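Here's a quick tour for anyone meeting this protein for the first time. Have a look at the model, then read on.

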Amino acid sequence: MPTKSTQAFTRKLLRWYGQHARDLPWRQTRDPYRVIVSEFMLQQTQVSRVSEFYPRFLKRFPTVRHLARARPKAVMEAWDGLGYYARARNLHRLAKGLSATGYRLSEDPEELIKLPGVGRYTAGAVACFAYEKPVPAVDTNVKRVLERVFLKGEGRREKDVWVLAKRLVPKDGKRAWRFNQAIMELGALVCTARKPKCPKCPVRSTCLSASRFLRVKPAARKPRRSSQRSPAVS
């Protein structure tokens, strides 16, 4: 059940997201294929780099059917420059495997996780961002935010973080979509791994770790002047 603390966290987080969310192309679609392409690309690659490659890849392979029918060489050429080429091979395998379902991606995370290259996070992300299912999607940024805000530190068991995330995600699908996007954005822009920007954080008042990061080192004391006069020189 939501508590006053978790309700305040969600309210402040969504308000901040409405004012500071980046305009990213994969946030403008609910097409499952386009969503999963973005998720594969965003694995271990910076957003700015993906923003450059994402529209070009989709122009060459506009649907999952186009991707499934493409030659492996063509897929690798379109991926060239993003690195981690196993992602491209898995995405191609995934597309070809969907021919049995009429090239339709499932909305169930338990089914999505069975696909090549799809882990627990990606399964949750596709279910939420494409189908607006109220399910958690815990990536590195989300894990860090939840650990700092609610668990008073990092390095917690992944299972504990997923349980917490599931409890926090709003039950309404559209609100869940915004919540998951917002907490990722907070981790990417404010609650960063190094040097978090706590003074700019919208949820610092409910964060159990804020005092640790906001603690100011005491100013160095100036040496006190001696009250004794220097001895006279004879």
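Predicted model: local features only at pLDDT ≥ 70, side-chain atom pairs only at ≥ 80, totals over all residues.

Residues are numbered from 1 along each chain as its sequence is written, and side-chain values use heavy atoms, with hydrogens and water left out. The protein chain has 12 helices and zero strands; helices (H or I, at least four residues) and strands (E, at least two) are DSSP runs, numbered from the N terminus.

**The whole chain**

- Its radius of gyration is 24 Å, whereas a compact globule of 234 residues would come out near 17 Å. That radius is taken over C-alpha atoms, and the globule rule is 2.2 Å times the number of residues to the power 0.38.
- Along the principal axes, the C-alpha trace spans about 100 × 50 × 30 Å.
- Of the 234 residues, 45% are buried. Here buried means under 20% relative accessible area, exposed means over 50%, and partly exposed is in between (1.4 Å probe, protein chains only).
- Take the contacts between residues at least 6 apart in sequence: 64% of them join residues at least 24 apart. A contact means heavy atoms within 4.5 Å.
- The chain carries 50 positive and 18 negative charges, and their mean positions are 11 Å apart. Lys and Arg count as positive, Asp and Glu as negative, while His and the chain ends are not counted. Each charge is placed at NZ of Lys, CZ of Arg, CG of Asp or CD of Glu.

- Helix α5 covers residues 72-79, and its buried residues are A74, V75, A78 and W79. They sit on the same side of α5 because they cover an arc of only 135° around the axis. The arc is that of the directions from the helix axis to the C-beta atoms.
- Packed against those buried residues of α5 are α2 (32-42), α3 (47-60), α4 (64-69) and α6 (86-97).
- Turned away from the buried side, the other face of α5 holds the exposed residues P72 and K73.
- Helix α10 (residues 158-168) buries V161, W162, L164, A165 and L168. Looking down the axis of α10, these fall within an arc of 165°, so they line one face of the helix.
- The cover over the buried residues of α10 includes α1 (4-20), α8 (120-131), α9 (140-150) and α11.
- On the face of α10 turned away from its buried side you'll find the exposed residues K159, V163 and K166.

**Three buried residues to look up**

- W177 lies in helix α11 (residues 173-189), and it is buried, with a relative accessible area of 7%. Setting aside neighbours within four places in sequence, W177 is in contact with Y17, R27, R30, C128, F129 and E132. W177 and K133 are 44 residues apart along the chain, yet their C-alpha atoms are separated by 7.7 Å.
- F129 is in helix α8 and counts as buried at 4% relative accessibility. Beyond neighbours within four places in sequence, its contacts include R30, V35, Y121, W177 and M184. From F129 to A176, 47 residues away along the chain, the C-alpha separation is 8.9 Å.
- A95 belongs to helix α6 and is buried, at a relative accessible area of 1%. With neighbours within four places left aside, A95 is in contact with V64, L67, A68 and Y103.

**Positive phi angles**

- Most residues other than glycine have a negative phi.
- Q44 has a positive phi near 65°. Q44 lies in the loop between α2 and α3 and counts as exposed at 60% relative accessibility.
- Y103 also has a positive phi, near 60°, and sits in the loop between α6 and α7 (109-112).
- Just after α5, G81 takes a positive phi of about 110°.
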